[in-house]
Amino acid sequence: MASVMRSCIQSILKLLNCVIGMVGIAMMLYAVWLIRVWQREIGDFPFFDDDDDFSPWFIYTFLGLGVTLSMITCLGHIAAETANGCCLYLYMLFVFLLLMLEAGVTADVFLNRDWEEDFPKDPSGSFDQFKGFIRSSFELCKWIGLSIVSVQGLSFLVAMILKAVGPHPCYDSDDDYASDRVPLLKDVVHPPPYVVVNPVTGSRNDAWSIRINEKLNQANR
């Protein structure tokens, strides 16, 4: 029963990690598309620009978040497959830090009216386009964001449950085989012990003496 429960928990954690991984891949693809647009308009890749004031930080941020989510997904799959305590602890730590980062950004946006001033100016204009898209499709973006955060929270809880259940046993103890060995031992018939005794020669000597006496008697007659 415990192995079935463990397998179900591992499958759920893998499924949640797949959702997080797809989000990370989508963010990386969007960042690659932004890099392509930047390269077409400016004529150079944004990574080779040494001017900090002209750095497209929004592209860097989106690409970094996508790579981070993909790495967390890989770690989550390893932790779900092995149910190793160290991997699960690292996975839960990264997911917790990600949730705290998202909570901090969300609180700053909703509680601070001048939150746009907290971010530097994006020379690529991608940040302004992203804000415009969110404002025009606020309900859709809200549900997408809530779904992503919910998946991350569920993956954290499932990882905690898997850590409590413990890893899959790699070997069986000798006690598991004791019940199989005992019935076989009960049916074994042990041979009787060997006893070494001196050979009995008294009966042969008596018969030999009787035969000699009979021959002597016949000879005397």
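**Transmembrane spans from the record**

I began with the UniProt record, an unreviewed entry, which lists residues 12-37, 57-76, 88-111 and 143-162 under "transmembrane region". I kept in mind that the model I am reading is predicted.

Next I checked two of these spans in the model. Residues 12-37 are 100% helix and 0% strand, and the C-alpha atoms at the ends of the span lie 38 Å apart. Residues 143-162 are also 100% helix with 0% strand, and here the end C-alpha atoms are 28 Å apart.

**The overall layout**

How many helices and strands does the protein have? I found 7 helices and 0 strands. Written along the sequence, the pattern is α-α-α-α-α-α-α.

The protein has 221 residues, and 25% of them are buried.

**A nonpolar patch**

Which residues make a nonpolar surface patch? I wrote down Leu-90, Leu-93, Phe-94, Phe-96, Leu-97 and Met-100, which together give a patch of about 530 Å².

Leu-93 sits in helix 3, which covers residues 85-111. Its relative accessibility is 42%, so Leu-93 counts as partly exposed. A patch member needs over 30% relative accessible area, and Leu-93 has 42%.

**Salt bridges**

My search of the whole structure turned up 3 salt bridges. I took them in turn.

*Glu-81 and Lys-14.* The side chains of this pair meet with an N to O distance of 2.4 Å. Where do the partners lie in the chain? Glu-81 is in helix 2 (residues 57-82) and Lys-14 is in helix 1 (residues 2-42), so the bridge links distant parts of the chain, 67 residues apart. Is Glu-81 buried or exposed? Glu-81 is exposed, because its relative accessible area is 51% and the cut-off for exposed is over 50%. Lys-14, at 27% relative accessibility, counts as partly exposed.

*Asp-128 and Lys-131.* Here the N to O distance is 3.5 Å. Both residues belong to helix 4 (residues 126-136), and because they are 3 residues apart, about one helical turn separates them. I compared how open the two partners are. Asp-128 is partly exposed, with a relative accessible area of 49%. Lys-131 has 13% relative accessibility and therefore counts as buried, since buried means under 20%.

*Glu-139 and Lys-142.* The closest N and O atoms of this salt bridge are 3.3 Å apart. Both partners lie in helix 5 (residues 138-165), 3 residues apart, or about one turn of the helix. Glu-139 counts as partly exposed at 45% relative accessibility, and Lys-142 counts as partly exposed at 33%.

**Looking back over the page**

After that, I would trace the bridge from Glu-81 in helix 2 to Lys-14 in helix 1, and then turn to helix 5, where Glu-139 and Lys-142 lie.

Technical notes
Residues numbered from 1 in each chain as written. Predicted model: local features only at pLDDT ≥ 70, side-chain atom pairs only at ≥ 80, totals over all residues. Heavy atoms only, no water. Patch = residues over 30% accessible without salt bridge, like charges linked within 9 Å, V, L, I, M, F, W, Y side chains within 5 Å. Areas by Shrake-Rupley, 256 points an atom, 1.4 Å probe, with all protein chains shown as cover. Salt bridge = Lys/Arg side-chain N within 4 Å of Asp/Glu carboxyl O. Helix = DSSP H or I, 4+ residues; strand = E, 2+ residues; numbered from the N terminus. Buried < 20%, exposed > 50% of the residue type's maximum accessible area, 1.4 Å probe, protein only. UniProt positions renumbered as here; feature names shortened; annotations may be inferred.
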